[in-house]
Amino acid sequence: MKNNLRWLVLSLMFFLGVQPVVAQTTQEYQDLKKEIESLKQGQAGLKQDLQEIKKLIQSVKQAPAAQGGGDEFKEAIINIKGAPIRGDKKAKLVMIEFTDYQ
Amino acid sequence: MDFPLDMHKNAFKASEAALCAGDQGKYWEMSDKLFNNPSNNPTWLEKENVLKLAEESGLDMGVFKACFDSGKHADEIRKRITEGQTKAGISGTPGFLLGFIRSDGTVKATKKIVGAGPFINFKTPIDEMLGSKR
């Protein structure tokens, strides 16, 4: 009789106690999995952003060379006849601006 | 000097518009209006608005339209672009050259400034050139 009672208690413990713990662990496991998944995605996004920033920095670094660099410029004879001018028409020093509307 | 870039869709026609206004002595009035797009209206340089700006500048609209539609100044603009690119390596706007005027009306440029930088970017080379002249 005592033995039977023990079994009953044990099985009750199993059904009431252990069972929910197992269920909870499975739920937690799923949640964790999801969380890791979203973290992974976030990281992939960060990686992509970093790549883009890297590329931007590269292009900025290369820009002065691509422009020919202000220092490398030696001289040029430019025809300004007919070009719109501002300021003193008799001025010796001239600044030519190349510009566009956007 | 007008230097419309291909990547700016309406830049070429806008330059033409400014030069057509110049035919009537109002290049800078028109130029200022074309630049002055305070609310960044994307249709600012579309033909409809360009005509409106021309009218506001007090231009003879018949003469302006004939000039604008015929592309009267297109060759001149292309020539200036080519000259800036090939002789001075100008590749973006704004780009600046500093030089002294010669007796034949051309400019012998010896300094280049790239981009709309701070005042010091202009002051230093100008001071240098004025110093070299003296």
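Reader: How are residues and chains labelled?
Author: Residues are numbered from 1 along each chain as its sequence is written, chains are lettered from A and ligands numbered from 1, in the order in which they are written. The model is predicted: local features need pLDDT of at least 70, side-chain atom pairs count only at pLDDT 80 or more, and totals for chains, interfaces and linings use all residues.

Reader: What is the mean pLDDT of chain A?
Author: The mean is 81, and 76% of its residues reach 70 or more. pLDDT is the predictor's confidence in each residue, from 0 to 100.

Reader: Where does pLDDT stay under 50 in chain A?
Author: Over residues 65-70. Where pLDDT is low, the predicted coordinates should not be read in detail.

Reader: New topic. How many residues of chain B are in contact with chain A?
Author: 43 residues of chain B contact 26 residues of chain A. Contact means C-beta atoms, placed from the backbone, within 7 Å.

Reader: Which element of chain B gives the most to that side?
Author: β2(B) does, with 8 residues. Strands are DSSP runs (E, at least two residues), and helices are too (H or I, at least four), numbered from the N terminus.

Reader: In which sense does β2(B) pair with strand β1 of chain A?
Author: Antiparallel, over 4 bridges; β1 of chain A covers residues 76-79. Pairing needs at least two DSSP bridges between the strands. A:Asn79 stands opposite B:Thr106.

Reader: And B:Ala17, what does that touch beyond four places in sequence?
Author: B:Met30, B:Leu34, B:Val50, B:Ala54 and B:Phe68.

Definitions and conventions. Contact = placed C-beta atoms within 7 Å.
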